[in-house]
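This report concerns the secondary structure of one protein chain and the way its elements are arranged. Please keep the sequence and the model in view while reading.

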Amino acid sequence: MKLISAGETAANTNNIPVEAGEDLARIGEMAKKYGVTLRTLRFYEDKGLLNPQRDGSTRLYTRRDKARLKLILLGRKVGFSLRDVKQMMDLYDPTGSNTKQLRLALDKSEKQLARLQKQRALIDDAINELSGSMTAVRRMLAERTTPQASVAS
């Protein structure tokens, strides 16, 4: 999972006011840009993963929210739970060394990589089994259809 760099620090602090002219995105724009549903964005907000600003009932997403959404989607893509993603993101400290965050991310990543490798081995076995079965079925079909073709001639 990609961690937040020092260059993204300003985008990741909760108490920095929106800069004049900062490019804010509405929920529909965010959904379209990142290929998620409106419901997904609201769900991530309910879970505390995103914290868009509000202008009445309109959600406005900042650079920070966009960076967090990218991390959420990356985490989900590689199989992390939302709880894991939140744990890792919540440890980010813009003024600290973030060694605790980095250690946690590395630990979770190593465990997830082991799980994925195990799944790959199981999938490879299943593919081999299925391929073998399909070969046997094709052979059986060929044996049953070839004599009928010669009898009909």
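The text below takes up confidence, then the sheet, then the helix pair.

The model is a predicted one, and the mean pLDDT of the protein chain is 86, with 82% of its residues reaching 70 or more. Residues 2-18 have a pLDDT below 50, although in the model this stretch has 27 contacts beyond near neighbours in sequence.

The sheet is open and consists of 3 strands in the order β1-β3-β2, with antiparallel pairing. Its edge strands are β1 and β2, each of which pairs on one side only. Between β1 and β3, which run antiparallel, there are 2 bridges, and A25 stands opposite Y61 of β3.

| Element | Residues |
|---|---|
| Strand β1 | 25-26 |
| Strand β2 | 53-55 |
| Strand β3 | 58-61 |
| Helix α1 | 27-34 |
| Helix α2 | 38-46 |

How are the two helices oriented to each other? Helices α1 and α2 pack at an angle of about 105 degrees, their axes lying 9 Å apart; because angles of 65 to 115 degrees count as roughly perpendicular, α1 and α2 are described as roughly perpendicular to each other. On the α1 side the contact is made by I27, G28, M30 and A31, and on the α2 side by L38, L41 and R42. By residue class, this contact of α1 with α2 comprises 5 nonpolar, 1 polar and 1 charged.

Key:
Residues are numbered from 1 along each chain as its sequence is written. This is a predicted model: local features need pLDDT of at least 70, side-chain atom pairs count only at pLDDT 80 or more; totals for chains, interfaces and linings use all residues. Side-chain values use heavy atoms; hydrogens and water are left out. Two strands pair if DSSP finds at least two bridges between them. Helices (H or I, at least four residues) and strands (E, at least two) are DSSP runs, numbered from the N terminus. Axes are lines fitted to C-alpha atoms, for helices over the stretch in contact, and angles run from 0 to 180 degrees between N-to-C directions. Angles under 35 degrees count as roughly parallel, over 145 as roughly antiparallel, 65 to 115 as roughly perpendicular and the rest as oblique. Contact means heavy atoms within 4.5 Å. Ala, Val, Leu, Ile, Met, Phe, Trp, Tyr, Cys and Pro count as nonpolar, Asp, Glu, Lys and Arg as charged, and the others, Gly among them, as polar. pLDDT is the predictor's confidence in each residue, from 0 to 100.
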